[in-house]
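Take a look at the model below.

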Amino acid sequence: MEDKLTINDIAKMAGVAKSTVSRYLNGGSVRESTAKKIKQIIDEYHYEPNLFARLSAKNSQIIGLIVSGFNSVTTPRIVEVIVAKLKLHSYTPLIMHTNNDKQEEIKSIIRLKNMNVDGIMIISAGITDKHMEIINDINIPILFIGQRHKDAYVIIDDNEGAGYAMGDYIANRNIKDILLLWVDENDIAVGVERKQGILKSLNNHGISSINTLITTFFYQDTIKILEEYLKNHPVPQAIICATDRIAYGAYKVLSSKGVEIGKDVSVTGFGDYETSELLTPSLTTVKFDWNALGTISTDMMLKMIEGIDVEHTVIIPYEIKKRDSVN
């Protein structure tokens, strides 16, 4: 027998017709005793069906995973969790990268539908009306991760709640002059919802001295933008950053100016990356549970494929990590 097991090999070993093995692999009806025999051979020899053959089957056992970008710290980790859990359930992920392009995201949904995947999971850059128009015409389960929409199945971090809690924490430290070092509103979850939570909280505390400086998700961009801003503005009492990576840029700029973080200025972030606790001083931030996000989203998708009802919106909780960067 060749090193690579074929359907013919499995059929001979199981003492059944090739068509029976093919029917089993494609989710068709096979006698229970025969199914057990075929499964035992597949497990023993670690047989992997041909991907393209599976895409033409009634149930492909393939799930499309659309990823807007890999340039964040958390997205690759979420993908790892999803991929590992899908494999445990004998599903193969088919990953498409859209480089934060919403139109490419929509095209990827259509491509995956035409490839006959069993379901689609989308770590989205944002859900548009065009997304929903396409989804309503597609009769397969689709789950969005990280972005909210009232008519879609979504799983999200509690960005607005986390923003409110961080604003409340800062306000209760008797800080009145605040700079939001933020991203634009193209990212609804961070650029809009997280910011809305902060502003709502600060306004409830009667704080009106709030400036917003728009940067990007990238460390180097933050350094350039904040350096330019501080040429014409004094250092505020606190800088609330949209992400930990943006906070790293703030640390770099402030340290180069001799400003002591945690004493002269308070700095906070969102994300709680491993390196955030290792900074000097350690960064006060919000921890989102990316492992739970990946695990629960995969469970939701598998239930949707099986026709089991799931909630339209699932929200993952957060935790504030209070450290030394706030005075």
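Contact means heavy atoms within 4.5 Å. Among contacts in the chain between residues at least 6 apart in sequence, 70% join residues at least 24 apart. This is a predicted model: local features need pLDDT of at least 70, side-chain atom pairs count only at pLDDT 80 or more, and totals for chains, interfaces and linings use all residues. Residues are numbered from 1 along each chain as its sequence is written, and side-chain values use heavy atoms, leaving out hydrogens and water.

Now the overall build. The chain has twelve helices and twelve strands. Both are DSSP runs, numbered from the N terminus: helices are H or I with at least four residues, strands are E with at least two. The C-alpha atoms fill a box of roughly 80 × 40 × 30 Å, taken along the principal axes. Of the 327 residues, 50% count as buried (under 20% relative accessible area, with a 1.4 Å probe and protein chains only).

Next, the helix pair. Two packed helices are described by the angle between their axes and the distance between the axes. Find α5 (residues 74-88) and α12 (residues 290-305). Their axes, which are lines fitted to C-alpha atoms over the stretch in contact, come within 8 Å and cross at roughly 40°. Angles run from 0 to 180 degrees between N-to-C directions. Those under 35 degrees count as roughly parallel, over 145 as roughly antiparallel, 65 to 115 as roughly perpendicular and the rest as oblique. α5 and α12 are therefore oblique to each other.

Which residues of α5 make the contact? They are Arg77, Ile78, Val81, Ile82, Lys85 and Leu86. On α12, the residues include Trp290, Leu293 and Asp299.
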